[in-house]
Amino acid sequence: MSHNHDHQHDNELDPFAARVRALETILTQKGLIDPAAIDVIVDTYETKIGPRNGAKVVAKAWADPDFAAVLKRDATAAIGSLGYTGRQGEHMQAVFNTADTHNLVVCTLCSCYPWSVLGLPPVWYKAPPYRSRAVIDPRGVLEEFGLTLPRTTKIRVWDSTAELRYLVVPMRPDGTDGWSEERLADLVTRDAMIGTGLAREPA
Amino acid sequence: MNGPQDLGGQMGFGPVAPEKDEPYFHADWERRALGVTLCAGAMGAWNIDESRHARESLHPADYYASSYYQIWIKALETLLKRHGFVSDRDLAAGKAVDPAATPKRVLKAENVPAVLAKGGPCDRPVATLARFKPGDLVRTKNFHPAGHTRLPRYARGKQGAVEAVRDGFVFPDTNAHGQGENPQRVYTVVFDGAEIWGEGADPTLTVSIDAWDSYLEPA
């Protein structure tokens, strides 16, 4: 469900905030969870694991054909070699956009997403409009992201129905010859790695 | 189950409306909801498939009216009650009232980085040879199990082509219900848009799913 911009974010009276707090309190009092562990989890996904990880993978694939070949063959190993492993990235496949084919990733059944390289999914990825329409009307969905593909471009939608997680490798923009991986990574957006966008053009 | 989670091809939900520069969390309780859910899962009393089934078992009206973290928390309450960790009296009081079952483990803060870095691999060895090879035509089963399944409705009874033969993976349809992992090989199967959506389908569209062996028959 889309975020409602009208509500009070940190209002103590918000019934759902109270419900979550009660649950945390009960589990803590029973010794079933460690509240400090929650802090570490939140910090991990707010400051350490995010789309910057995936951007480095893509930039390296653009700059290093040997790495791109391994990424194509065994994405879990290639991504792991950069230190990105773990939860919701255990079984990875990279799918490469070409001049002919654009890849788009969805999970129609829940919200499967490659956390190890993209971090936590955005609200829209988990919400019914995207999950319902990505498989039947991908062009209409892409238009809502400001992306209009040529009518001749083939669209391949990957529905993440099992435990494989997909990372889209967007096409490298023209005018970036000789760029460092670090500079290239700045062109790689989260949406480009889901398939709802393209890599940024160099300024 | 033909539940509210099975969204592919459904209509009426409106535009996607991506939020520019969206934050990871829209309220502090979402941070706690993420952490509580992961910590509770780390107790080891249920698996990811049982979690998914608990979420999709919400009443459809409730599922569609809830944000994803709300879905997580509502399902988590179900799981905690089912496994004896939390009672209705605890929830009504907002504090611990009844004793709890003993968890297999409690996730401590110092172990979080290692646990997150390890993840929960679901691949398992399978003894049998792959039934299909890339390029083989297959047809997905037409079934409507009351329990958990990962074959979406839009892809049932459809002909597609095997694109990739994957490893064996834990079978969600049994694992969600405490009936064992029963690993099966997974195949990536690609369908033409027209096979799934028929008249008016985008002629440039193909859709793939990852299908467990028993979802498939030779075409």
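Predicted model: local features only at pLDDT ≥ 70, side-chain atom pairs only at ≥ 80, totals over all residues.
Chain B holds eight helices and five strands, and from the N terminus on its elements follow the order α-α-α-α-α-α-β-β-α-β-α-β-β. The C-alpha trace of chain B spans about 55 × 45 × 35 Å along its principal axes. Of the 219 residues in chain B, 42% are buried.

Helix α4(B) itself covers residues 68-82. Its 15 residues reach 21 Å from the first C-alpha to the last, close to the 21 Å expected at 1.5 Å a residue. Among the buried residues of α4(B) are B:Tyr69, B:Trp72, B:Leu76 and B:Leu80. The partners of these buried residues come from both chains: they pack against α1 (15-29) of chain A, and against α1 (28-41), α2 and α3 (60-65) of chain B.

Two packed helices are described by the angle between their axes and the distance between the axes. For α2(B), residues 48-56, and α4(B), the angle is about 110° and the axes lie 8 Å apart. Angles of 65 to 115 degrees count as roughly perpendicular, so α2(B) and α4(B) are roughly perpendicular to each other. The crossing of α2(B) past α4(B) is right-handed. On the α2(B) side, the contact is made by B:Glu50, B:Ser51, B:Ala54 and B:Arg55, while α4(B) contributes B:Ile71, B:Trp72, B:Ala75, B:Thr78 and B:Leu79. Five of these contact residues are nonpolar, two are polar and two are charged.

Key:
Residues numbered from 1 in each chain as written. Chains lettered and ligands numbered in written order. Axes fitted to C-alpha atoms, helices over the stretch in contact; angles between N-to-C directions. Helix = DSSP H or I, 4+ residues; strand = E, 2+ residues; numbered from the N terminus. Parallel < 35°, antiparallel > 145°, perpendicular 65-115°, else oblique. Left-handed = near helix turned anticlockwise from the far one by under 90°. Contact = placed C-beta atoms within 7 Å. Nonpolar A, V, L, I, M, F, W, Y, C, P; charged D, E, K, R; others polar. Expected span 1.5 Å × (residues − 1). Buried ≥ 20, exposed ≤ 12 C-beta atoms within 10 Å, placed from the backbone.
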